[in-house]
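The tour below goes from one selection to the next and says what is found at each stop.

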Amino acid sequence: MAKPNKALIKLPAYQEERIGTQIAEGETIRAARPHVLTDVVTNYCPGCTHGIVNRLVAECIDELGIEGKTVGIAPVGCSVMMYDFFNCDMIEAAHGRAPAVATGVKRVHPENVVFAYQGDGDLASIGTAETVHAATRGEKITVIFINNAIYGMTGGQMAPTSLPNQVTQTSPYGRDVSKVGYPVRISELLATLDGVAYVERVTCDSRQHIMQAKKAIKKAFQNQIDGIGYSLVEVVATCPTNWGMTPLDAFQWLRDNMLPYYPLGVYKDVVADGFATAADAALERAKDCPIAQQKKED
Amino acid sequence: MKGNEVLAEAAMRAGCRFFFGYPITPQTELAAYMAKKLPTIGGTFLQAESEIAAINMVYGAAAAGARVMTSSSSPGVSLKGEGVSYMAGADCPGVIVNVQRGGPGLGGIQPSQSDYFQATRALGHGDFYMPVFAPSTVQEMADLIYDAFDLADEYRTPTMILADGMIGQMMEPVLLPPERDLSTLPAKPWATSGSRMERKHNVINSLYLSPNKLEDTNYERFERYEQIKEKHQRQELMSCDDAQIVVVAFGAASRIARTAVRDARKKGIKAGLLRPITLWPFPTKAIDELCDGGASSFLSVELNMGQMVQDVRLAVNGRASVDFYGRTGGVLPTPEEVLQAIEKVAAGEPVVQSAEPGAVGSLLPHPKHRKSSYERGE
Ligand SMILES: Cc1ncc(C[n+]2csc(CCOP(=O)(O)OP(=O)(O)O)c2C)c(N)n1
Ligand code: SF4
Ligand SMILES: [Mg+2]
């Protein structure tokens, strides 16, 4: 097999140290695991998008050079063991409580970078209150939200984000919206809140979309470093195992059904709107409210 | 200062700089005091969206290495159960204050001790305990919360102050503990405060999918519990040297019991008072000594339908008789009622002997007693 030509591969800067190192006669490292990822086998099913997004988060942490000051909060869901996969400090939260735990850490160490990684059951059902309030408080944290429209870990029950008529273990006749209501569109919901600096919905079904997802995740971290406000990236994801599909069919189902219901795009970006921070944008929005305009003396 | 304010002031003096809570009566003054003062000394007061969020913020702050606390009252403490269990499971220190009110459900807002089981039998799911301190004076509100922080850090465990509405609202003179020099607080090399690339990453976690590993961590934690039981049982004894009848009471109930025991002595009854200061660990060694010293009867007096009496029975283990007298729902017994109960014990008559309204210790108090001490104008 022909060895890849290093000159043809655009390597991320963070890997440069290791890349190109000769490890044996005729063998050279061309790509490496991000430093912040540990050398363990994950518990994710083959073809699961959790693995892709874990990797993207790790690449962003590496590229921003923040591993030493990053504290990650793992959820309860298929990514519950994330504390084993990451080399930065990690805390395992109770189901849905990651934003509250992240708040506690960030308030103690504002100079740290704190991220929560949560599934849809975790973030949009049991932890809705914690999510909405961390967002509206404008906690300077980064949230990565994996919306796979199902409760993966517990074996495929209906999630708050399961689509109308989607068959799951607990909606065996299809989600009947007349009885159990409608899916929650988290990005749209959170974009209305003043504490939020940035919300974008991305997916990872193609190389192009994966690159866009990485850009969004990196921005969500950069916003925190710059003190701009709460940032959340919703990743429309798949669960091939509980959807009962091959990974490729799952991506097709995602494109056919998930993306029309959960359109990709930026739902809020205060910087793009011309503000320095979420707080500035909030002040402008409340410009006719005298009490909201009162200046705080520090 | 009110008892609740003293708790807040002493906590800050103990080095607590982070408070997360949700409003509820009768702990209100504590949070209000924190809200006012904490920001002026470089601390953080945050009103959370719920007690569930508050305790999980405490968990996060504790994991990050801070001295941190929360306070609530009975219904709110139920919601904290989840977070306290995770704190215990992940060995995170922090202080939880419960200024108890009557229950169950929304209950009332008058003083009560109805959360004794909840506090001492593990607040939340799983196999764990936490040290519980029961102040009976405003001075003890100050002293015990100081100790609660130190014990929490030393043994990496949540600890609780189990107060009640009476001591929380009461004003008494108090000598505040010294300001803790923050640089003397114990180091927490296990904290998830960022590795700074100088050490292996820290993990705060309570998940162990391997049963053997989980058993090992529980065994290790229970070894710490054994040390706490060995070294940190605390109680006050009054007139116990020659006591034949020992009244056991904590917190607000102990103040009433104290008067009743004095009155019993005046009547020639050899009564004494054992006041547990730690409810967990329960002062079993003191009970051993009292049994060895000739106490033949114990009378547990509580502001509930009989909870601590179970621990008294376990500790006495058949060596003496054990009786109970209590009032519930926020009603405080009078010293006379307690004295009557002591006299029953002295006469060898069972205290809880019938459902006849008005019988001492009867589950149905006499209508005249159904008014609270406040309503009776006492
Ligand atoms: C309080 C509580 N309730 C329920 C559970 C069980 N549980 C574990 S994971 C999970 C759902 C996770 O689904 P999601 O957040 O969508 O994550 P995914 O596995 O799909 O990534 C549930 C309900 C739990 N661990 N704790
Ligand atoms: S169950 Fe679904 S979400 Fe969980 S790891 Fe497997 S494919 Fe991924
Ligand atoms: Mg899910």
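Begin by selecting Ala142(B), which is found in helix α6 of chain B; helices here are DSSP runs of H or I with at least four residues, strands are runs of E with at least two, and both are numbered from the N terminus. This is a predicted model, in which local features need pLDDT of at least 70 and side-chain atom pairs count only at pLDDT 80 or more, whereas totals for chains, interfaces and linings use all residues. Residues are numbered from 1 along each chain as its sequence is written, chains are lettered from A and ligands numbered from 1 in the order in which they are written, and side-chain values use heavy atoms, with hydrogens and water left out.

**Around Ala142(B)**

Ala142(B) is buried, with a relative accessible area of 0%, where buried means under 20% relative accessible area, exposed means over 50% and partly exposed lies in between (1.4 Å probe, protein chains only). If residues up to four places away in sequence are not counted, Ala142(B) touches Val6(B), Ala10(B), Val174(B), Leu176(B) and Pro177(B), contact being taken as heavy atoms within 4.5 Å.

**Strand β6 of chain B**

Select β6(B) next: seven of its seven residues are buried, so the strand is largely enclosed by the rest of the structure. Pro158(B), Met160(B), Leu162(B) and Asp164(B) point one way from β6(B), while Thr159(B), Ile161(B) and Ala163(B) point the other way.

Stay for a moment on Thr159(B), which has its place in strand β6 (residues 158–164) of chain B and is buried, with a relative accessible area of 0%. Its contacts, not counting residues up to four places away in sequence, include Gly94(B), Ile96(B), Met130(B), Ala148(B) and Leu151(B).

Then show the partner strands of β6(B), bearing in mind that two strands pair if DSSP finds at least two bridges between them. Strand β4 (residues 94–100) of chain B pairs with β6(B) in the parallel sense over seven bridges, and within β6(B) it is Ala163(B) that stands opposite Val99(B). Strand β5 (residues 132–133) of chain B also pairs with β6(B) in the parallel sense, over two bridges, and there Val132(B) has Met160(B) as its bridge partner.

**The sheet of chain B**

Zoom out to the open sheet of seven strands, whose order in chain B is β2-β1-β3-β4-β6-β5-β11, with mixed pairing. At its edges stand β2 (44–47) and β11 (278–280) of chain B, each with a single partner strand, so one side of each is left without a neighbour in the sheet. Further in, strand β3 (residues 68–72) of chain B runs parallel to β4(B) and is joined to it by four bridges, with Ser72(B) opposite Asn98(B).

**Crossing to chain A**

Bring chain A into view and select α3(A), which lies across β1 (18–21) and β2 of chain B and runs at about 155° to β1(B). Next trace the open sheet of eight strands with the order β9(A)-β7(A)-β8(A)-β6(A)-β5(A)-β3(A)-β4(A)-β7(B) and mixed pairing. Here β9 (265–269) of chain A and β7 (203–204) of chain B stand at the edges, each with a single partner strand, so one side of each is left without a neighbour in the sheet. Helix α3 (residues 98–108) of chain A packs on this sheet, touching β3, β4 (89–92) and β5 of chain A, and its direction makes about 175° with that of β5(A).

**Last stop: ligand 2**

Finally, select ligand 2, whose surrounding residues include Tyr44(A), Cys45(A), Cys48(A), His50(A), Cys78(A) and Cys239(A). Helix α9 (residues 240–243) of chain A gives the most to this shell, with three residues. Among the shell residues, Cys48(A) is buried, with a relative accessible area of 15%.

How values were computed: Near = heavy atom within 4 Å. Axes fitted to C-alpha atoms, helices over the stretch in contact; angles between N-to-C directions.
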